[in-house]
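Work through the exercises below with the model open. Try each task before you read its solution.

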Amino acid sequence: MFNVLWNILLGIVGGIISSVIVSRVFFIQGEYQQQTKFVDGIIRKLATIRAYLSVCKSVFEVSYDEDIRIEKEMKDKGYRCEMEYYAAHKDKNWISFKDLSTLLKVVETAQDEIANSNVTDKYLAEILCDISNYLHDISSTKEWNFSALNRFEKSERLIFEKYDKSKRISGKQLLKLVV
């Protein structure tokens, strides 16, 4: 009789302990997935910024090529200033890059989200720190030129490489958290 009660008591205690362990594992997994989803959302915003900067670079390249062509034509036709050139070419659509408001809105939104995040995973927090520094660099840029765009491109490439690495090792990270 004592053995039967002892076995029942061991079963109940074992069940309680295993249910606590299982619920804790699911809690850790859910929290980690929530953090990775948050970082995924920030990375999507970063991809939007990357696309916008790519367009900016293309506009600068076209504009630079156009400036060289304008200078050559001004010499050939004897225009004294750019205003004479533009007056002679009123029908053209001129490419200019002046409106940064869309880019800066995305940057500001991403910065606010990162500032209000509660990512506790060390590797994901490090990625967010790099992204935050990158966003600050963009928002504080006064002169938009090829040098700045190339610097941004290099930084974002490093961030995306780190993010891809985090995706590859996410299973190991989750296992570490559980253990």
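Buried means under 20% relative accessible area, exposed over 50%, and partly exposed in between (1.4 Å probe, protein chains only). The model is predicted: local features need pLDDT of at least 70, side-chain atom pairs count only at pLDDT 80 or more, and totals for chains, interfaces and linings use all residues. Residues are numbered from 1 along each chain as its sequence is written, and side-chain values use heavy atoms, without hydrogens and water.

**Exercise 1.** Classify Cys129 as buried, partly exposed or exposed. Do likewise for Cys56.

*Solution.* Take Cys129: its relative accessible area is 42%, so Cys129 is partly exposed. Now take Cys56: its value is 1%, so Cys56 is buried. Next, search the whole structure for disulfides (pairs of cysteine sulfur atoms within 2.5 Å). The search finds 0.

**Exercise 2.** Describe how helix H3 packs on helix H4.

*Solution.* Helices are DSSP runs (H or I, at least four residues), numbered from the N terminus. Locate H3 at residues 101-115 and H4 at residues 122-139. Their angle is about 145 degrees, and their axes lie 10 Å apart. Axes are lines fitted to C-alpha atoms over the stretch in contact; angles run from 0 to 180 degrees between N-to-C directions.

**Exercise 3.** Which residues does Leu135 touch, leaving out those up to four places away in sequence?

*Solution.* Leu135 then touches Leu46, Ile49, Val107, Ala110, Gln111 and Ile114. Leu135 also belongs to the H4 side of the contact with H3.

Terms used:
Helices (H or I, at least four residues) and strands (E, at least two) are DSSP runs, numbered from the N terminus. Contact means heavy atoms within 4.5 Å.
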